[in-house]
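Here is a friendly walk through one protein model, meant to be read with the structure open beside you.

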Amino acid sequence: MDDVWLLQHTDSAQAAFERFKLNRRPGRHLAFVLIRVALTPLVVTIAGGAATAILAFARPYYVNRILQWLQQDPKLRDPADGLLILLAMLAAGCTFGLVMGVQLFYGRRVGLQVSAALMAAIYAKALRRPVGVVEAAQLKNKDAGANNAGDSAFSATSGPETSAVSLMTVDIDRITYITSYISDPLMSIPLSILISLGALYAVLGWSSIVGIAIIAMNGPITGYMGRFMHRNQEKLMKANDKRVSATNEAITGIRIVKYFGWETRFEERIGAARSTELSHVFTGFALWTISTLLAYANSILCYFATLASYTLVAGNTLDPATAFTAVMLLARVSTLFVEGPHMYLWIIRALVSLDRIARFLDAPEIDNPIETATCAATNVPTPSSPLLPNAILPSSASLSSAATAGANINTTDTLLGFTNGTFRYHTTAVDDATGLPSPVTFPETHDGSPATSVFELRDLNIRFLPGCLNVVVGATGSGKSSLLLALIGELHRVSGTVHRPTGPAAYTPQTAWLHHGTIRDNVILSDAGAAGAPAAATGARPLDAARYAAALRVCALDRDLTLLPAGDQSEVGEGGVVLSGGQRQRVALARAVYSPADVVLLDDPLAAVDASTASHLMNEAILKSLRGRTVILVTHAVGLALPAADYVVVLAGGRVAAQGTPATLAADLPAGLPPAVADALSATPVVAANHAHTHHHNHRHRPDDDQPSNTDADAAPTGQLIADETKATGSVKWEVYRTYFAAAGLTLIAFALLGYVIDQTLAVASDG
């Protein structure tokens with residue numbers, strides 16, 4: 001890429017996105033924002049469209065002049081006049097080509113800037129969008145079974161209608177296409193039609209009005225067809241999203257699909273989605289074909305009626321100048337009538353895509369600002385204690401799925417928890433007052449409880465102990481995972497206060513997040529060495545080899561690394577596809593252990609491993625390596641976690657059923673606790689709260705200084721899953737064409753070629 005020139009700064013994605021953010025306002029239509037993003041090239045390309053529309057009629061004008069000159073008496077013809085007309089025609093043709101090139105260039109710049117701005121906006125929105133977003137359509141489903149949403153971060157995720165992948169591929173491509181040729185529907189086609197009709201009136205007189213009347217009669221039919229196309233296009237895009245979603249689901253879980261022999265079922269599911277999509281594609285082409293046929297028929301009828309009225313009704317005689325000029329103008333009108341429906345069909349497609357992107361960009365975001373309260377290390381408030389003064393903090397982006405680097409802030413000086421907090425999953429329902437997406441207001445029953453199937457957390461009053469192990473337990477669907485999502489700002493805060501840490505934090509979800517890279521890349525993440533560059537070059541912290549090796553050891557990854565072809569340099573694939581579920585979870589846990597985060601949120605990391613591995617992770621990783629940090633552990637392994645916990649929160653139906661130290665809860669077991677929790681608390685010794693922890697609140701624990709030999713920083717990476725891309729030089733080989741032909745099918749190709757030949761033959765015959 002060194003031999004490719006850089007784009008102008010105004011065409012770069014950064015500059016386009018900055019203009020997008022500058023002009024984006026609540027209530028302002030997205031189309032207006034995009035106009036402001038690419039205003040300069042848009043004005044130039046529209047002006048170029050007007051110029052080309054005018055210059056396109058230079059040819060019929062000069063043809064008329066030449067024919068009139070030829071119809072003169074040879075004795076009266078001046079050869080200089082004919083030569084000047086020919087030179088003027090040549091100059092007009094050259095000028096038309098030059099202006100057309102400039103128009104197309106600036107049109108491409110409009111498409112480039114619009115595409116870059118939308119791509120960056122969608123990507124930035126995806127990073128700010130909450131994990132769980134309930135589609136408005138889902139709220140109408142009485143059988144949604146949303147009570148299970150409490151323990152799954154994705155049980156109420158947005159539907160395929162808001163897939164960022166689909167928006168950044170199909171929708172942006174359609175918008176880019178129409179914006180690159182935006183001068184045609186906005187200027188060239190309308191102006192060309194006006195000039196054509198005006199020129200026809202100048203040549204044929206009132207007979208051209210007959211053609212104008214026929215055009216006017218076709219208007220309602222075109223509008224009716226346009227509404228059909230618009231509705232079909234919306235259905236097509238929804239079907240496309242469902243097909244893409246089903247395909248991605250199959251690819252992401254391909255190992256599970258293979259293990260359980262679900263290939264046929266997924267093939268049927270994807271095939272059904274594709275069949276629905278193809279039916280809408282067929283309907284769209286059928287509507288476009290009908291629209292094109294009507295345009296052709298309308299143009300022919302206009303051609304016939306205009307000339308018939310000129311000769312038969314008005315009694316005029318067609319001389320060569322009038323006949324050839326009228327034929328050229330009518331051919332131009334015919335072409336415009338054919339191109340118009342095609343172009344406006346693309347406008348309909350782009351408008352549908354623009355509305356989809358606008359709904360995605362207007363969707364709810366994570367709660368901001370963050371509120372916190374501080375407290376002394378020796379006097380941690382209980383849920384009944386009054387709130388201390390609050391302070392507004394920066395964005396909640398510091399609480400990310402991966403540990404972020406930052407200052408070494410003492411965790412014992414920060415209050416972590418909730419006060420009178422009520423939370424719901426976000427929704428795409430629209431507020432009638434503002435016209436913007438907002439959380440739905442749910443009616444309440446006679447006893448004050450919400451009459452809704454959408455899960456929510458209510459009346460949360462929790463103070464997690466800083467520098468200690470806090471365990472959150474409860475039955476499936478009680479809201480344990482949702483509690484962590486509320487803490488990091490991923491749920492809509494209806495009321496109350498969230499107290500979050502100011503320092504770096506690490507969050508490990510139930511479904512481990514892994515990127516396509518080596519195991520080392522996924523563990524150290526932001527440190528130097530992940531990208532193979534020195535710390536000074538990347539601004540990252542230097543790799544702590546001893547800390548890294550200890551993180552692998554305590555997460556029981558040593559033996560797994562010996563089985564992989566390149567140890568910790570083995571690539572895991574997107575989402576860790578080559579690893580088992582337990583291995584993925586342990587790699588994510590190792591990332592949290594290695595990180596410098598003061599607060600660690602763990603969403604059931606023991607669920608994906610066997611009993612012996614779970615015991616090892618609990619003792620070595622959570623109790624030892626994370627000692628001194630504030631750990632909030634969500635788990636179903638109550639037998640392992642509760643005896644070692646310093647503080648326990650029991651959830652039931654989205655509410656706090658009980659909380660306190662294990663000793664306090666064991667001394668007076670609350671009623672209604674899950675049997676497993678009650679049994680574990682009953683078996684907990686009175687001194688369990690101080691089992692073996694020595695909480696040095698101003699000391700960050702450093703893992704042991706041992707390192708397996710197969711994690712040497714200089715180990716050669718040999719476990720690549722995907723080979724480096726290469727490029728071929730020279731002409732394209734026939735094998736490539738043969739592959740394309742075989743994939744498309746020779747019968748289909750032959751049919752397409754035959755159709756093209758017939759089309760061109762009929763076009764030549766009609767021109768003759």
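## Before we start

Please keep in mind that this is a predicted model.

## Two packed helices

Let us begin with a pair of helices. Two packed helices are described by the angle between their axes and the distance between the axes. Here the partners are helix α3, which covers residues 39–55, and helix α5, which covers residues 79–128.

How do α3 and α5 run relative to each other, roughly parallel or roughly antiparallel? Angles over 145 degrees count as roughly antiparallel, and α3 and α5 are therefore roughly antiparallel to each other. As for handedness, α3 passes α5 in a left-handed crossing.

## Salt bridges between and along elements

How many salt bridges does the structure hold? The count is 16, and a few of them deserve a visit. One joins Arg269 to Glu249, with 3.0 Å between the closest N and O atoms. This pair links distant parts of the chain, 20 residues apart: Arg269 sits in helix α11 (residues 263–313) and Glu249 in helix α9 (residues 208–252). Arg269 has a relative accessibility of 43%, so this residue counts as partly exposed. Glu249 is also assigned as partly exposed, because its relative accessibility is 38%.

Another salt bridge brings together the side chains of Lys258 and Glu263, at 3.8 Å from N to O. Lys258 has a relative accessible area of 52%, so this residue is exposed. Glu263, with 27% relative accessibility, counts as partly exposed.

## A buried pair and a network

Now turn to the strands. Arg424 forms a salt bridge with Glu456, and their closest N and O atoms are 2.4 Å apart. Once again distant parts of the chain are linked: Arg424 belongs to strand β5 (residues 416–424), Glu456 belongs to strand β7 (residues 456–464), and the two are 32 residues apart.

Are these two residues buried or exposed? Buried means under 20% relative accessible area. Arg424 has 13%, so this residue is buried, and Glu456 counts as buried because its relative accessibility is 6%. Salt bridges can also be followed through a network, in which Asp171, Asp241 and Arg356 are linked.

## A covered helix

Helix α13 spans residues 480–487 and includes Ser482. How many residues of α13 are buried? The answer is 8 of its 8 residues, so this helix is mostly covered. Among them are Lys480, Ser481 and a run of leucines, Leu483, Leu484 and Leu485.

Ser482 counts as buried because its relative accessibility is 1%. Ser482 and Phe423 are 59 residues apart in sequence, and in space their C-alpha atoms are 8.8 Å apart. After α13 comes Gly489, which has a positive phi near 90 degrees.

Which residues other than glycine have a positive phi? Asn420 is one of them, with phi near 50 degrees. Asn420 is located in strand β5. With a relative accessible area of 48%, Asn420 is therefore partly exposed.

Ala556 is another such residue, with phi near 60 degrees. Ala556 lies in the loop between α16 (545–554) and α17 (558–563). Its relative accessible area is 22%, so Ala556 is partly exposed.

## A nonpolar surface patch

Our last stop is on the surface. Val732, Trp734, Val736, Tyr737, Tyr740, Phe741 and Leu746 form a nonpolar patch there, and together they have about 800 Å² of accessible area. Which helix gives the most to the nonpolar patch? The answer is helix α23 (residues 734–744), which supplies 5 residues.

Val736 lies in helix α23 and counts as partly exposed, because its relative accessibility is 38%.

Notes. Residues numbered from 1 in each chain as written. Predicted model: local features only at pLDDT ≥ 70, side-chain atom pairs only at ≥ 80, totals over all residues. Heavy atoms only, no water. Patch = residues over 30% accessible without salt bridge, like charges linked within 9 Å, V, L, I, M, F, W, Y side chains within 5 Å. Areas by Shrake-Rupley, 256 points an atom, 1.4 Å probe, with all protein chains shown as cover. Salt bridge = Lys/Arg side-chain N within 4 Å of Asp/Glu carboxyl O. Helix = DSSP H or I, 4+ residues; strand = E, 2+ residues; numbered from the N terminus. Buried < 20%, exposed > 50% of the residue type's maximum accessible area, 1.4 Å probe, protein only. Axes fitted to C-alpha atoms, helices over the stretch in contact; angles between N-to-C directions. Parallel < 35°, antiparallel > 145°, perpendicular 65-115°, else oblique. Left-handed = near helix turned anticlockwise from the far one by under 90°.
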